[in-house]
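Work through the exercises below with the model open. Each task is followed by its solution in steps.

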Amino acid sequence: MSRPIFTSAAEVEAAFYDALARADISAMMTLWSEDEDVVCIRPDEPRTVGLAAIRESWRKLFSSGPRRIARASHQVVSANMMLTVHNVCEYASTGDADASAPPVIATNVYTRGALGWRMVMHHASEIPGEDQPLMHLAPHAVH
């Protein structure tokens, strides 16, 4: 699979959530930077560093089939010409049509290089004691 050229961090983020929803390991790995210092932290998982380790981590997660991600919202963006940080609330459905998991807070970091934008970090964690959706947070950008 050829590596797409993402022209913005937002394109990479959309591709990330699409690959996650489809449990598509090939699509997932095309959006990561080729730098070996890439980092991925998922809820209840240890920190994973390096492309091979990240690939294996996603492979294990995807082995149980597609994940339906309802949406990522309440985005806070910090950006400059070479680096963009997105902090979002992830709302994911579980498997039951009527049930959804509590929201997860995620920070996605993207860098711009010769071949466009790529993900260099994904850090997602549960919200301690959060029972209600985070509707009180307004999306905004910090520059």
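**Exercise 1.** Determine which residues of α1 are buried, and how they are arranged around the helix axis.

Solution. The model is a predicted one. Helix α1 covers residues 9–22. A residue is buried if its relative accessible area is under 20%. In α1, this holds for A9, V12, E13, F16, Y17, A19 and L20. An α-helix has 3.6 residues a turn, so residues three or four places apart point the same way. Viewed down the axis of α1, the buried residues fall within an arc of 160 degrees, so they line one face of the helix.

**Exercise 2.** Describe how α1 packs against α3, and state which residues make the contact.

Solution. Two packed helices are described by the angle between their axes and the distance between the axes. For α1 and α3 (residues 51–62), the angle is about 45 degrees and the axes are 10 Å apart. Angles under 35 degrees would count as roughly parallel and those from 65 to 115 as roughly perpendicular; α1 and α3 are therefore oblique to each other. On α1, the contact is made by F16, A19 and L20, and on α3 by W58, L61 and F62. These residues divide into 6 nonpolar, no polar and no charged.

**Exercise 3.** Is A9 buried or exposed, and which residues does A9 touch beyond four places away in sequence?

Solution. A9 lies in α1. Its relative accessibility is 6%, so A9 counts as buried. Beyond four places in sequence, A9 touches T84, H86, Y110 and W117. For W117, 108 residues from A9 along the chain, the C-alpha separation from A9 is 5.8 Å.

Definitions and conventions: Residues are numbered from 1 along each chain as its sequence is written. This is a predicted model: local features need pLDDT of at least 70, side-chain atom pairs count only at pLDDT 80 or more; totals for chains, interfaces and linings use all residues. Side-chain values use heavy atoms; hydrogens and water are left out. Axes are lines fitted to C-alpha atoms, for helices over the stretch in contact, and angles run from 0 to 180 degrees between N-to-C directions. Helices (H or I, at least four residues) and strands (E, at least two) are DSSP runs, numbered from the N terminus. Angles under 35 degrees count as roughly parallel, over 145 as roughly antiparallel, 65 to 115 as roughly perpendicular and the rest as oblique. Contact means heavy atoms within 4.5 Å. Ala, Val, Leu, Ile, Met, Phe, Trp, Tyr, Cys and Pro count as nonpolar, Asp, Glu, Lys and Arg as charged, and the others, Gly among them, as polar. Buried means under 20% relative accessible area, exposed over 50%, partly exposed in between (1.4 Å probe, protein chains only). The arc is that of the directions from the helix axis to the C-beta atoms.
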